[in-house]
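Please keep the 3D view open as you read.

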Amino acid sequence: DVTTGVHAAWLPPEAFRALGSRRVLVQGAEAGAPAGTVHEEVARACAAYGGRVGRGPGGETGPYDLVLALTGAGSALPEPARAQARSARGTLGDEGFLLARRGGVTVVLADAPAGLLYGLFHVVRLGESAFGGEDGGDGKDGGDGKDDLPAAVHRPALRTRMLDHWDNLDVHPVMGQVERGYAGGSIFWRDGGPRGDLPRVRAYARLLAAVGINAVSVNNVNVHAAETRLLTERLGDVADLADAFRPYGIRLHLSVNFASPVVLGGLPTADPLDGDVRAWWGKAAARVYEAIPDFGGFVVKADSEGQPGPFTYGRSHADGANMLAEALAPFGGEVHWRAFVYDHTQDWRDRSTDRARAAYDHFAPLDGEFAANVVLQVKHGPMDFQTREPVSPVIAAMPATRLAVEFQVTQEYTGQQRHVCYLGPMWSEILGFQPWGGADDGRRTVAALVADPAAGGGLVAVSNVGDDPYWTGHPLAQANLYAFGRLAWAPHADPVALLDEWIDLTFVPLLSRDPAPLRRALHAMMDGSWRTYERYTAPLGVGFMVRPGHHYGPDVDGYEYTPWGTYHYADRDGVGVDRTRATGTGYTGQYPQPWSEVYESQERCPDELLLFFHHVPYGHVLHSGATVVQHIYDTHFAGADEAARTRSHWRELAGAGLVDAALHARVLERLDEQVRCAREWRDQVNAYFLRKSGVPDAHGRHIP
Ligand code: BDP
């Protein structure tokens, strides 16, 4: 991208070619951000590709190939937009848009500016087909109707589509600057203050808007001393960021330190029921809204992994969250209160304190106690963003609480942006999961719960972006950010189709030759990459087995004898965690039927989660027909081979001119590491289980 010097990701100028070569009317730009952004985008594209942009209601006459307008502009619009605006007005909502094509004119209408922006990016995604396709789209259709598109309304399924940054202001001695960041430093902060590259922040906001993200939190949930002051001394810097996000319809949020009244305010307590503490938060919120009138709200990690919280004062998490909610309510702000609460120093003492149980045990009893502007932010699984986990039982347990589900786009446990691991299929499985089973009410999916207009809190994910020129370190990890945004807009979208969209925007517009070989290679590398990663890492849902601390690479017993609560319990006879009610931790009892029974039963439990729920002998036969130990060998050999094939697909693209040479080299360097690391996983896991079990590989393959 010429303006920022970084990779243009899914918005290369060439992706705007179809739009930029047309005659476009943008009506409503004077309404300010983000409608003004639409005009800017169109003007830039037209300047590059020879189109023309009009900005009603001035005397421009047209004719136009594309009309982008607010429905309120009604009578000032040319037909057929005028009639459509009249009938659609007031039906599209804050962020929705209508797209239609009649008589050679493509029309995008929205009730509100954000909708217009999303409509614009939709037209970009469609390319020529927004104008009737490669053949019919000459704009000279003359009204014969052959390239008409019936009016279709597009609305985001979820109201909140949010990214959390785990960015520190400074380089943290252990975590680096971006906690669990694999793409360099923060794009927001540096050396304890603002990074000062607002064009970069704006370019980021633009990428996010193009996939429908509308909220961003700009600092780590572990709020250290410097970040605590973002709320007060550094508010001006936060406001600068908000200014960069605003043109793209994105509201800014801050992670706050629960102990702020003590740390910043000099009060003797942060007790949420203390009058002075409440007053302090009230004033803090008022100051924030003075600086940032459209501020989104606070994100809070409390009583978790060393962060302060209401437990210190004998108060509940509802007390804590509601205090902050009260401070934000007058301004329309929300509290994102995280449910990732467990005792990281105690689980080892007693198996019944199972970490998987913790979020439910803490929060389910509080259902109904949270204020209306509190969103409880729940990690998708009960443990911690593992490659495979069951869906968190908290999601089904709190009907009277607004819930958001949290994903991890940053690949902490899925290859740290050195391994290709396309997470769209995993998220899509989670979103389609039916906590009450499929029989009676197929519509009650996780997606439906977070989308509910009254009770849904939306989707949140930890961002994978840093100051790396490709944004995400591994250039192919851009696809995860893309897919997250698109799934938050349309949770039932097919993740493989989303991969196509991403390929078609990121690579194809730059090609002057047949894109088919590139598409084929990327699909072969990415479609099944999450399952490949699963095959060569921790087996059958048991999780972890990573090196402690940084969590990269294999260490089967790395966490086994620590207090973190993340165990596999392998011994000479068997492996897995007994989480049953009958003989284990009782965790299966946190699920409604039918899952409670399905997970309780060794016979009915899905293979991929068997070791999450059960401790079984090595000879236990899976549904697949393999024994557990043979499955471990087979999948580890297969996974490492698949990683090597992934690299071969990419190597074949070298020299074909299908991707930029520097990008090719960057991906290849990462693939070399993936292949090495996958073999290391294979060898360590296989050797470990061979020695523990004494059972040889049925196929006599080499196990070191
Ligand atoms: C874990 C990360 C840790 C985060 C924590 C969280 O290892 O760095 O602080 O999640 O979500 O996955 O708060």
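## Before you start

This is a predicted model: local features need pLDDT of at least 70, side-chain atom pairs count only at pLDDT 80 or more, and totals for chains, interfaces and linings use all residues. Residues are numbered from 1 along each chain as its sequence is written.

## The barrel

Start with the strands. Eight of them close into a barrel with parallel pairing, in the order β7-β12-β13-β14-β15-β16-β17-β18. From one strand to the next, the twist averages 25°. Strands here are DSSP runs of E with at least two residues, helices are runs of H or I with at least four, and both are numbered from the N terminus. Two strands pair if DSSP finds at least two bridges between them.

Helix α8 (residues 235–245) lies across β12 (215–217) and β13 (251–255), and runs at about 145° to β13. Helix α11 (residues 317–328) touches β14 (297–300), β15 (334–338) and β16, and makes about 160° with the direction of β15. For these angles, axes are lines fitted to C-alpha atoms, for helices over the stretch in contact, and the angles run from 0 to 180 degrees between N-to-C directions. Contact means that two C-beta atoms, placed from the backbone, lie within 7 Å.

β15 and β16 pair in the parallel sense over four bridges, with V335 opposite V374 in β16. β16 and β17 are also parallel and share four bridges; here Q377 stands opposite A404, and K379 has E406 as its bridge partner. Move on to β17 and β18 (residues 456–462), and you find a parallel pair with five bridges. In that pair, E406 is partnered with V460 and Q408 with V462.

How enclosed is β16 by the rest of the structure? Largely, because six of its six residues are buried. A residue is called buried if 20 or more other C-beta atoms lie within 10 Å of its own, exposed if 12 or fewer do, and partly exposed in between, with C-beta atoms placed from the backbone. On β16, V374, L376 and V378 are buried on one side, and V375, Q377 and K379 are buried on the other. β17 is mostly covered as well, with six of its six residues buried. Its L403, V405 and F407 point one way, while A404, E406 and Q408 point the other way.

## The annotated active site

Which residues does UniProt mark as "active site"? An unreviewed UniProt entry places this feature at E305, D384 and E412. UniProt positions are given in the numbering used here, feature names are shortened, and annotations may be inferred rather than shown by experiment.

D384 sits in the loop between β16 (374–379) and α13 (394–397). It is buried, with 20 other C-beta atoms within 10 Å. E412 belongs to the loop between β17 (403–408) and α14 (424–432), and E412 counts as buried because it has 23 C-beta neighbours inside 10 Å. Leaving out residues up to four places away in sequence, E412 touches R180, F385 and H551.

## Around the ligand

The residues surrounding the ligand are E179, R180, V221, N222, K301, E305, F340, D384, F385 and E412.

## A339 and its contacts

A339 is in the loop between β15 and α12 (358–363). It is buried, with 28 other C-beta atoms within 10 Å. Not counting residues up to four places away in sequence, A339 touches A359, F363, L376, Q377, V378 and V394. The C-alpha atoms of A339 and P382 are 9.8 Å apart, although 43 residues separate the two along the chain.

## The C-terminal domain

The unreviewed UniProt entry also places "domain: Glycosyl hydrolase family 67 C-terminal" at residues 472–701. Over residues 472–701 the chain is 49% helix and 2% strand, and the end C-alpha atoms lie 37 Å apart.

Note on methods. Near = placed C-beta within 6 Å.
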